[in-house]
Amino acid sequence: MLRIAVPNKGSLSDPATTMLTEAGYRTRRNGRELVLVDEPNEIELFFLRPRDIAVYVGQGTVHAGITGRDLLLDSGVEAVEHLPLGFARSTFRFAAPRGTVASVEQIEGLRVATSYDVLVRGYLASRGINAQTVHLDGAVESSVHLGVADLIADVVETGTTLRAAGLETFGEPILTSEAVLITTEQYRGEPALATLVRRLEGVLRARSYVLVDYDIPMNKLHVAAALTPGIESPTVSPLQNPDWVAVRAMVPRAEMNRIMDELYEVGARAILVSSLLACRL
């Protein structure tokens, strides 16, 4: 039975549970279960702290897990990113009091407060910069004002908290993070893991595409088909009126309104768009 670690709280928890539900797996209902067995799908879910998940995966206690890319890299364990999941995106950056630090090179000899010691030390070492890391479990923005550190390295979403603390980001992002499915080289070839990956990929594609149906005059079909080529090719069906055909194709969700406008301009009518729950391509 495949053993999967799932975040039990925080920004990763609800989206991970939703994605597994859409992939056809049983998930916890009352939010208190620590272990859940889904026998029909031959999977066992363990609800753990997001920061601990990479450790359990790296030690082989579980076969795979869902966590943040930043947490994986900060864990220092022998686990690998297997599939990006497209949610909980964030940017990891340095920040310092306004006007004090303008480049990463100026960090030399300074104190950096962070909850991601391994990640920050590795980043600085790769650039030959010697700085002291000060580990804090949270609220690192206050560390500069309290004199514990000279600057911080932390996850930045909107930057509102940083500005309130009198800090500003500088330099290039240390890391762009998102939720990822992780495993080890030992388990990459597990058939049950391959099934999980296919299902999750199906959810990701379903979220990225919509299904468009429309009617088009036969003499404009070639133009419309160029706008909606589908995956292999569009499905074309005859209508009672021999001069018209019905067309169905998958199109990128982000482009659907532009495509609908262009289809209408070339003569398509009865243009309908439907969401997808899951797919296999």
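1. Let's start with the stretch at residues 206–276. In an unreviewed UniProt entry, residues 206–276 carry the annotation "domain: Histidine biosynthesis HisG C-terminal". Keep in mind as you read on that this is a predicted model.

2. Now for the rings. How many aromatic pairs does a search of the whole structure find? The search turns up 3. One of them is F92 with Y116: the ring centres are 4.9 Å apart and the planes meet at 70°, so this pair is edge-to-face. To call a pair edge-to-face, you need planes over 60 degrees apart. Have a look at where the two partners come from, because the pair links distant parts of the chain. F92 belongs to strand 6 (residues 90–97), while Y116 is in the loop between strand 7 (111–114) and helix 4 (117–126), and 24 residues separate them.

3. Are F92 and Y116 buried or exposed? The cut-off for buried is under 20% relative accessible area. F92 comes in at 1% relative accessibility, so F92 counts as buried. Y116 has 9%, so Y116 counts as buried too.

4. The charged end of R51 sits over the Y116 ring, 4.8 Å from the ring's centre. You can find another such arrangement at Y264, where R269 lies over the face of the ring, at 3.8 Å from the ring centre.

5. Last stop: the surface. Which residues make a nonpolar surface patch of about 360 Å²? They are M1, L34, V35 and V37. Take V35 as an example: V35 is in strand 2 (residues 35–38). Its relative accessible area is 42%, so V35 is classed as partly exposed. That label covers values between the buried limit of 20% and the exposed limit of 50%.

Methods: Residues numbered from 1 in each chain as written. Predicted model: local features only at pLDDT ≥ 70, side-chain atom pairs only at ≥ 80, totals over all residues. Heavy atoms only, no water. Patch = residues over 30% accessible without salt bridge, like charges linked within 9 Å, V, L, I, M, F, W, Y side chains within 5 Å. Areas by Shrake-Rupley, 256 points an atom, 1.4 Å probe, with all protein chains shown as cover. Salt bridge = Lys/Arg side-chain N within 4 Å of Asp/Glu carboxyl O. Helix = DSSP H or I, 4+ residues; strand = E, 2+ residues; numbered from the N terminus. Buried < 20%, exposed > 50% of the residue type's maximum accessible area, 1.4 Å probe, protein only. Phe/Tyr/Trp six-rings, centres within 6.5 Å; stacked < 30°, edge-to-face > 60°. Lys NZ or Arg CZ within 6 Å of the ring centre and 35° of its normal. UniProt positions renumbered as here; feature names shortened; annotations may be inferred.
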